[in-house]
Amino acid sequence: MEKPGCVINGGIKLPIGYRFHPTDEELLVHYLKRKVLALPLPALVIPEFDVFQTHPWGLPGDLKEKRYFFRIRKRSGSEDKSKCKRAAGSGYWKRVGKEKQILASESNQALGIRTTLVFSERKCSNGSKTRWVMHEYRLPYSTLQVSGMEMEDWVVYSVFQRKTSPAKQRFISHQRSNTKKTRRLEMEVIAPMEDSSDLGPPQPNCSSCSSEITEVSSNGLDQEETSSPNIWFSSFSCMRQP
């Protein structure tokens with residue numbers, strides 16, 4: 001029997017009806033800080049996983065839900081450069097905007113820092129931005145030193161897809177509607193032209209037809225008038241012979 005909060009295929013399975021939606025303060029105080037201090041966590045709902053091993057849709061868990069992961073942050077190398085690109089799967093994560101300091105709701109004490117990154121695919125030299133967003137939460141360096149001992153620099157990540165705003169969604173729907181109307185009008189214009197071409201070459205008008213008939217008839221009559229005397233004369237000649 002599955003236990004609540006157990007790890008299944010690298011992801012966390014919660015009981016039906018439960019959702020894990022901590023605030024920034026709760027995530028830093030009750031999960032990340034306790035993880036750094038090696039204290040028991042309120043619930044085993046955040047697995048340890050390197051989020052830069054694969055692209056966001058390849059990470060364990062439900063793609064429709066916001067997913068959380070623990071990871072030890074490396075203080076040397078590319079991660080020290082806040083504006084660098086961090087390779088992951090078929091693309092890379094890049095920091096956007098400024099870092100946000102998370103303060104305690106009651107004392108205004110600095111609890112940690114949140115950094116926002118956006119995933120881009122390597123479709124072109126500049127990359128193609130996607131709707132995948134990642135928040136990186138880390139504690140202040142002062143918190144990592146307890147009794148003169150330096151603790152492991154754990155960080156926690158939340159990965160999710162940014163939803164399209166209602167205004168942008170209406171704009172996209174309007175653009176699609178206009179495109180469909182334009183295509184329909186083009187088909188209505190092209191269709192009659194195609195139908196007329198199937199009827200063959202244009203027929204001459206009535207006046208030209210009547211003139212051609214008249215010319216043909218007159219030529220036939222002229223031939224009959226010129227040939228008929230010869231026929232009568234030849235027959236008459238035959239009758240006069242003894």
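This is a predicted model: local features need pLDDT of at least 70, side-chain atom pairs count only at pLDDT 80 or more; totals for chains, interfaces and linings use all residues.
Reading from the N terminus, the order is β-β-α-β-β-β-β-β-β-β-β-β-α-α.

Some totals for the chain. There are 242 residues, and buried ones make up 27% of them. The chain exposes about 17,400 Å², with carbon and sulfur atoms supplying 55% of that area. Among contacts with a separation of 6 or more, 57% are between residues 24 or more positions apart.

Now to strand β11, residues 154–161. How many of its 8 residues are buried? The count is 7, so the strand is largely enclosed by the rest of the structure. Buried here means under 20% relative accessible area.

Which strands pair with β11? One is β3, residues 67–72, joined to β11 by 6 bridges and running antiparallel to it. In that pairing, Ile 72 stands opposite Trp 154 of β11. Another is β8, residues 128–138, also antiparallel to β11 and joined to it by 6 bridges. There, Glu 136 is the residue opposite Tyr 157 in β11.

Last, the second largest pocket. Rolling a probe the size of a water molecule over the atoms shows where empty space is left. This pocket holds about 210 Å³ of space. Its lining consists of Leu 63, Lys 64, Glu 65, Lys 66, Arg 131, Phe 160, Gln 161 and Lys 163. Sorted by class, that lining has 5 charged, 2 nonpolar and 1 polar residues.

Technical notes
Residues are numbered from 1 along each chain as its sequence is written. Side-chain values use heavy atoms; hydrogens and water are left out. Buried means under 20% relative accessible area, exposed over 50%, partly exposed in between (1.4 Å probe, protein chains only). Helices (H or I, at least four residues) and strands (E, at least two) are DSSP runs, numbered from the N terminus. Two strands pair if DSSP finds at least two bridges between them. On a 1 Å grid over the protein atoms alone, a cavity is a set of points where a 1.4 Å probe fits but cannot get out, and a pocket is an open set with protein on both sides within 12 Å along at least five of seven lines; lining residues have an atom within 4 Å of a point. Grid points are joined across faces, edges and corners, and a volume is the space filled by probe spheres set on the points. Ala, Val, Leu, Ile, Met, Phe, Trp, Tyr, Cys and Pro count as nonpolar, Asp, Glu, Lys and Arg as charged, and the others, Gly among them, as polar. Contact means heavy atoms within 4.5 Å. Accessible areas come from the Shrake-Rupley method with a 1.4 Å probe; for residues, only the protein chains shown count as cover.
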